[in-house]
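Hi everyone, thanks for making time. I'd like to walk you through one model today, so please have a look at it while I talk.

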Amino acid sequence: MVPSVAPGDRWYVYYRFRNPVTGKMDLPQLKLYRDINRLKTVAERKRYGHALAASLLMALQEGFNPYDKQGHRSKPYERTYTVKQAFTAALEDKNALKSSTYSSYWDYLNPFIAWLDKNRLADAPLEKLTKRHVIAYFSYLGAEKPEGKGLLPTSVDNTRRSLGAIMAKLKADDLVRDNFISDIVTNRSKPKKNAPFTKDELQLIKDYSQQHYPILYDFLRFIFYTFMRNTEIVRV
C-alpha cells in the first residue's frame, strides 16, 4: 500500500499490550495519534511516526501501563536517557510547534545525531554531553570541506538556535541543568558592502561602452533602467 496524506487516510502508531491478568497478548490493538495527521507530507508523517514510536517504547520500558486509568507507571524508576533518546523525545513532545517549524528542527537535529553517532556520543548518557562537544560540532559545520561542512556563519547560528530550542525543553523537563547550547557564541557573518559608482564614473562607463562595446552597452542599460540582476539579464 502506497503511503498517502489524502483526506480520510488516518495515520497512527499501533501496538499491543500484554494482558496484566492473563499475561497473554490477547488485548485489542491500541492506536496512538498525537496530532500526526496535522502534518502535510508523507515524509513528515513518517519522521514524526518513528519519533512517536521511539518515545512510546521508552515509556513502555519505564513501566507505562495504557490500562492504568490513573496514568501511573506500574514500575516507576529513574531512567537514564542517551543523548539521542533525549533530544529525539524532546522534539517529539513539542506539540505546540507549527508543522513547518517542527520539520525544520528535524533538519537540524538529524545531522547533529549523525555527528554524535560518528563520534560515539549518540548512545552515551545525556549527562556526558558537554558544551565542548557541541562547540566541536559547530566548528565542524563551519570548517572548510572536506574536513567540515563548509557552512556559512549564519547557517551555523541557525543550527545553534534550533538545537538550543530543543535543549530548552530538556531543561524544562529537568533532564539537564543548563541550556549551554544557547549560551554558545558562534561567528557572525561580515557582509562586504559594495562601493557604488559615482555619477561621473557612471557617465564615463556609459560613454566608453557605447563607443567601444555596443553589446556591453545594451547589457548595461538593463542594469541602469530596470535594476535587474546579472543572471536575470542573461536569461532575458
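How many aromatic pairs does the structure hold? The structure holds 9 of them, where rings of Phe, Tyr and Trp (its six-membered ring) pair if their centres lie within 6.5 Å, with planes under 30 degrees apart counting as stacked, over 60 as edge-to-face and the rest as tilted. One of these pairs is Trp115 with Tyr137: the ring centres are 5.3 Å apart and the planes stand at 55°, so this pair is tilted. The pair links distant parts of the chain, 22 residues apart, with Trp115 in helix 3 (residues 99-118) and Tyr137 in helix 4 (residues 131-142). Helices here are DSSP runs of H or I with at least four residues, strands are runs of E with at least two, and both are numbered from the N terminus.

Before I go on, some housekeeping. This is a predicted model: local features need pLDDT of at least 70, side-chain atom pairs count only at pLDDT 80 or more, and totals for chains, interfaces and linings use all residues. Residues are numbered from 1 along each chain as its sequence is written, and side-chain values use heavy atoms, with hydrogens and water left out.

Back to our pair: are the two partners buried or exposed? Trp115 has 11% relative accessibility and therefore counts as buried; the cut-offs are under 20% relative accessible area for buried, over 50% for exposed and partly exposed in between, with a 1.4 Å probe and protein chains only. Tyr137 is buried as well, with a relative accessible area of 2%. Tyr137 also pairs with Phe138, again tilted, at 6.0 Å centre to centre and 45° between the planes. Phe138 is buried, like Tyr137. Zooming out, one aromatic cluster is formed by Phe87, Phe112, Trp115, Tyr137, Phe138 and Tyr140.

Now, which residues of helix 5 (residues 153-172) does helix 4 meet? On the helix 4 side we have Tyr137, Phe138, Leu141 and Gly142, and they meet Val156, Thr159, Arg160 and Leu163 in helix 5; contact means heavy atoms within 4.5 Å. The axes of helix 4 and helix 5 come within 10 Å and cross at roughly 150°.

Let me pick out Thr159, which lies in helix 5. Thr159 counts as buried, at 4% relative accessibility. Leaving aside residues up to four places away in sequence, Thr159 touches Tyr108, Tyr137, Phe138 and Leu141.

Helix 3 has another partner. The axes of helix 1 (residues 42-61) and helix 3 come within 11 Å and cross at roughly 70°, and the two are therefore roughly perpendicular to each other. Glu44, Arg47, Tyr48 and Ala51 of helix 1 make the contact with Ser99, Tyr102, Ser103, Trp106, Asp107 and Asn110 of helix 3.

Finally, the whole chain. The protein chain has 9 helices and 2 strands, in the order β-β-α-α-α-α-α-α-α-α-α along the sequence. Of its 236 residues, 32% count as buried.

Technical notes:
Axes fitted to C-alpha atoms, helices over the stretch in contact; angles between N-to-C directions. Parallel < 35°, antiparallel > 145°, perpendicular 65-115°, else oblique.
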